[in-house]
Amino acid sequence: MRHFIVAFVLVLISTIAFSQPFGGNRGGGPQMNGRFYGKIVDSITEKPIDAASVQLVQNKYDSVSKKRKDVVINGMLTAANGDFSLENVPLMGQYKLVITAIGFKGYQKTVALIDMKAIQSMRANAGNQDMSSLLGNLDKDLGNIKLLIDEKLLGNVTVNSSRPLVQLAIDRKIYNVEKDISVAGGTAVDVMKNVPSVSVDIDGNVTLRNNTPQIYVDGRPTTLTLDQIPADQIQSVEIITNPSAKFDASGGTAGILNIVLKKNRRAGYSGNVRAGVDKRGKLNVGGDINIKQGKINFFANANFGQRKSISNGTTYRSTFYKAPFTNLVQNDNNINTGYFAFGRAGIDFLVDNRNTITVSGLAVKGRFKPSTLSDIYVDTVFSGGGNSTSYTNRLSNTTGEFRNLGTTLSYLHNFPKNGHQLSADVNYNKSHNNNSNVINNDIYNIAGGPKTSAYNQQQTGGGNNGQLTIQTDYSNPISQNSKIEAGVRMSQRDVDSRSDFGVINPNGTVTILPPLSSNYSYTDRVFAGYGTFTNKIKENFGYQIGLRLESSDYKGTVHTSVKDPSGFADTASSYHNNYPVSLFPSIFLSQKLKHDQELQLNYSRRINRPNFFQLFPFTDYSDSLNLSRGNPNLKPEFTNSFELSYQKNFPKSNSLLVSVYYKHTTDLITRYQSQEKNPVTDSLVFVNTYINANSSFVGGLEIISKNKITKWWDITTNLNLYTSKINTDDPAITTVGQLHSWFGKINNSFKLPSNFTLQLSGDYNSKTVLSPGGSASSGGGMGGGRGGFGPNVSGSAQGYSKPTYGVDAALKYDFLKNKTASLTLSVSDIFRTRVSDVYTESFSFTQEAIRTRDPQFFRLNFAYRFGKFDVSLFKRKNQKADQESMQNGMQGAQ
């Protein structure tokens, strides 16, 4: 009887195993399935591991590709007690159990419910085989599976991280700010000085390959300026020189600089406190805290910093527009004092293993008081012969305040398949500023002589800037080698501003001059959608194709004063423009070569919409020599960008990245000059405005090299050579022909004995021609109180910046157990060589402006880290912040 039962079971098992396809039921009859179950625990504490990924993989034959490949047939995340149960597993066959968890080493094991060896054993021992034991295998307990801690992933509470200063990828570079010891106590402007491909002038204006980039914070546009973001709050900066269709098409010939703010994700609690002082006795203090327990992750950051910046400059200007001609020499001394405060907090709520909601808020506030003392010497030459001189002592005192509030609501859903995600978020930022400027001019015939007259002015103003972004993104890895992504986005910016310009009378009252004052508001909106498809062929070749659709519109209202017989009458005028839907394709091709080499070719189409000041039709009469006005009929620029990159990874962490790029722009926005009557003085003057020229191109070669010279010396080198040219058929548009320029950076890091680290960096910018289009975006702003001084530059002028270079250094000492405390001494512009020397000229004047700002500037900072975390509390990586870093480029078509 027993032999009959054994034979019956064997026949039944064999029939089911060989008559049905894997995972299916060809005949519609019953199918015998089993399950694997067990528990995942920490190998040291033996505590259960929550949300570990458990997958069951089988190697199958693919009838399409005619090859065998691994296929996931079942999977889940462990429960809070570490349990897992993989149900409905086909009885026959061998499987691979794959387990991963954040903070632990991966685990793989071959498992089976019943395999052929068991069947053969039953046949050989049919008289003695226990049938209940065989059938019990249909419900198989794998026991407690212990995972080993992966120390490389644990972070810096008790384990030292080895993340390099610069990570190179073909589609982007990642600059890890925590490894840059020279920026402690500084701002994002200080960070950008060391970022590859980026150049920063002494006023904090940032360019990426000689063009103004789009500035993002955590993957979204921001109303913050770079000098309003503390360097201690930045985790990394991503440099994306040729963004794909997934990113904003705005920016024209420039790319994207994405600032990723710090957000700790360790289970338990951790944080740091820091304090510092600079050479002028100004203090900075700050701290971070992160608490993660159960389904809640709370994070908060705060910084307070005092500032005192000193700048000196001399301007030489000769004006020969019409007689009498003048020669001007102006010496300026600017002292800017103030403070800024930065606060950020948020909560991640893990609804379950697949859904996370994040709410965060940000607040920034500051007050700055720049004061500029100017000595102005003017020599006037008359057409009939003879000359006269004058001396003006000018004192300009400004008080400026700003405030920025922002909030983000994010949702992320993880589908069961790894990488299959849906996210949505709403971001809103609102900034407000007020400023008041009083300018006192005491005029003399000669310096030291009696005062002949006085002219005092007052300018007050303020405004609001609101930005709303709504976005949703979807990603689905439809196979092991291919992925689709799609998303939609809407952004709206609302701006209103007022400025009243007047003369201070001898009795202290102020007479407002309407033609010199302004009051405007505008709204612009951008609607976008995108889709990309990524695929990998034969392990070595990958491609991504994408298409983005964008349309935009703007409308504005301007209140101006028009001169009539009775004086000035207030008028209000509106203007608007609608840009139709435009298509922005992108193509990325990647080929892996032998010996750790990779080649990539990419193409994208982008747009540069004119900014408000280029569109604003109000005429600025504040400088009688330099009137300016926007053109509301400007069209956007369109740029086609091509980039070919080669990367080679050498042994011992050495690497080389070489990129050749070419960008062609149509409808280039260019400065233009026309002659009109000044309504204040009734004299003929030239008004600088903007028009669309024909086209331009920019091309260049960039080389980035990372070298580990010894175990204690790392060096990163960046060299960028580029050329540009503007093409136009209008002889009234001044062009400067084809231009050539270059800049280089070098950053050395030395690990010294006794827990000391030395960082030594330098940069050199060759002679650089000024931008022809006047893109107004910059990284500075009132937040840093940078503010220019000296005569303005004509909008139709052409010119160049003379070469400049500088050297910075920082020394860091780590102490206490596990190096939890550190002291950092940093100095910028050691040899006082960073000098801004800008020469400009037009048919009516020549000018040279020479300035310096804060040479040999020292900062001393102290930092202390603390924390305690339990690896068993780690959750699945389903936090929105993981998406914000925008780490989803080609990377071999994930």
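User: In strand 21, which residue is the bridge partner of Phe-368?
Analyst: A quick note before we start: this is a predicted model, where local features need pLDDT of at least 70, side-chain atom pairs count only at pLDDT 80 or more, and totals for chains, interfaces and linings use all residues. Residues are numbered from 1 along each chain as its sequence is written, and side-chain values use heavy atoms, leaving out hydrogens and water. Strands here are DSSP runs of E with at least two residues, helices are runs of H or I with at least four, and both are numbered from the N terminus. In strand 21, Phe-368 has as its bridge partner Gly-400.

User: How many bridges join strand 20 to strand 21?
Analyst: Two strands pair if DSSP finds at least two bridges between them. Strand 20 covers residues 355-381 and strand 21 covers residues 387-414, and they run antiparallel. They make a hairpin with 5 residues between them, and Gly-385 in the turn has a positive phi of about 105°.

User: Which residue in the turn between strand 21 and strand 22 has a positive phi?
Analyst: Strand 22 (residues 421-444) pairs with strand 21 in the antiparallel sense over 24 bridges. The two form a hairpin with 6 residues between them. In that turn, the residue with a positive phi, about 90°, is Gly-419.

User: What kind of aromatic pair do Tyr-391 and Tyr-444 form?
Analyst: Rings of Phe, Tyr and Trp (its six-membered ring) pair if their centres lie within 6.5 Å; planes under 30 degrees apart count as stacked, over 60 as edge-to-face and the rest as tilted. A search of the whole structure finds 21 aromatic pairs. For Tyr-391 and Tyr-444, it's 5.7 Å centre to centre and 35° between the planes, and the pair is tilted.

User: How many residues apart in sequence are the parts tied together by Tyr-391 and Tyr-444?
Analyst: Tyr-391 lies in strand 21 and Tyr-444 in strand 22. Both are buried. So the pair ties together parts whose separation in sequence, in residues, is 53.

Definitions and conventions:
Buried means under 20% relative accessible area, exposed over 50%, partly exposed in between (1.4 Å probe, protein chains only).
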